[in-house]
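Let's take a walk through this structure together, starting with one residue and then stepping back to the whole chain.

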Amino acid sequence: MLRIWGRITSVNVQKVVWTADELGIAYERLEAGGAFGVVATPEYKRMNPNSLVPVIEDDGFVLWESNAIVRYLAARHSPGVLWPDDLRRRADIDRWMDWQATTFTPAMRDAFWQLVRVAPEKRDTAAVETSRVASEKAAAVLEAHLAGREFVAGSAFSPADIVLGCAAHRWLNLPLAREPRPEMQRWYAALRTRPGARQVLSTPVA
Ligand SMILES: N[C@@H](CCC(=O)N[C@@H](CS)C(=O)NCC(=O)O)C(=O)O
């Protein structure tokens, strides 16, 4: 059976859990990271020398790096559907997955960390503001892109919706004032109706 290491509060673990739930794959999730520790043990570091979650093990195949795991699971269990055969459709999905990992999530990292993980008296409000501004810039890009599209890569749900849906779940639920984003809210509400998304999108941002 597929094994997934990582605490469910990790946005990167959430991507993998949502993908597995979306695909209806049986899996076992083992707690690791954060207060659970585990990631610094020699056994874990043999699987992921970065000491980060998530990691999967699938019939002896070990893989880390969340977006790579999402692609692997989609291609293995849903070739031609969740992971399309068409090169350009795949490149479009890939582009938005890379954008999530390199642009949107890094932009909101400080706001998340300071507002959720740091005690109020120790909060770096300047870092929150810089991060908020960068996140709004990224959110505006996604907002404009979603206008006239049901999903990120067009009319079909794809792994880009999973990874950006996890990022949006975090952004839209952070305790801070945001610009209104009706297209993002419409898309996020549609994602929340998917049975495969239920576990992850009902997890509080913590
Ligand atoms: N690029 C990596 C980043 C993984 C990552 O930063 N994981 C965080 C949680 S979101 C982590 O393991 N933090 C240490 C911990 O939880 O102990 C991926 O996408 O898998």
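A residue counts as buried when its relative accessible area is under 20%, and as exposed when that area is over 50%. Keep that cut-off in mind as you look at this predicted model.

Is asparagine 67 buried or exposed? Its relative accessible area is 8%, so asparagine 67 is buried. Which residues does asparagine 67 touch, once its neighbours within four places in sequence are set aside? Its contacts are Lys15, Met97, Gln100, Ala101 and Val163.

Now let's step back to the chain as a whole. You can find eight helices and four strands in it. Reading from the N terminus, these elements follow the order β-α-β-α-β-β-α-α-α-α-α-α.

How do the parts of the chain come together? Taking contacts between residues at least 6 apart in sequence, 64% join residues at least 24 apart. Of the chain's 206 residues, 49% count as buried.

Next comes the overall form. The C-alpha trace spans about 45 × 40 × 25 Å along its principal axes. For 206 residues, a compact globule would have a radius of gyration near 17 Å, and because the chain has 17 Å, it agrees with that expectation.

The accessible surface of the chain amounts to about 9900 Å², and carbon and sulfur atoms account for 54% of it.

Notes: Residues numbered from 1 in each chain as written. Predicted model: local features only at pLDDT ≥ 70, side-chain atom pairs only at ≥ 80, totals over all residues. Heavy atoms only, no water. Buried < 20%, exposed > 50% of the residue type's maximum accessible area, 1.4 Å probe, protein only. Contact = heavy atoms within 4.5 Å. Helix = DSSP H or I, 4+ residues; strand = E, 2+ residues; numbered from the N terminus. Rg over C-alpha atoms; globule rule 2.2 N^0.38 Å. Areas by Shrake-Rupley, 256 points an atom, 1.4 Å probe, with all protein chains shown as cover.
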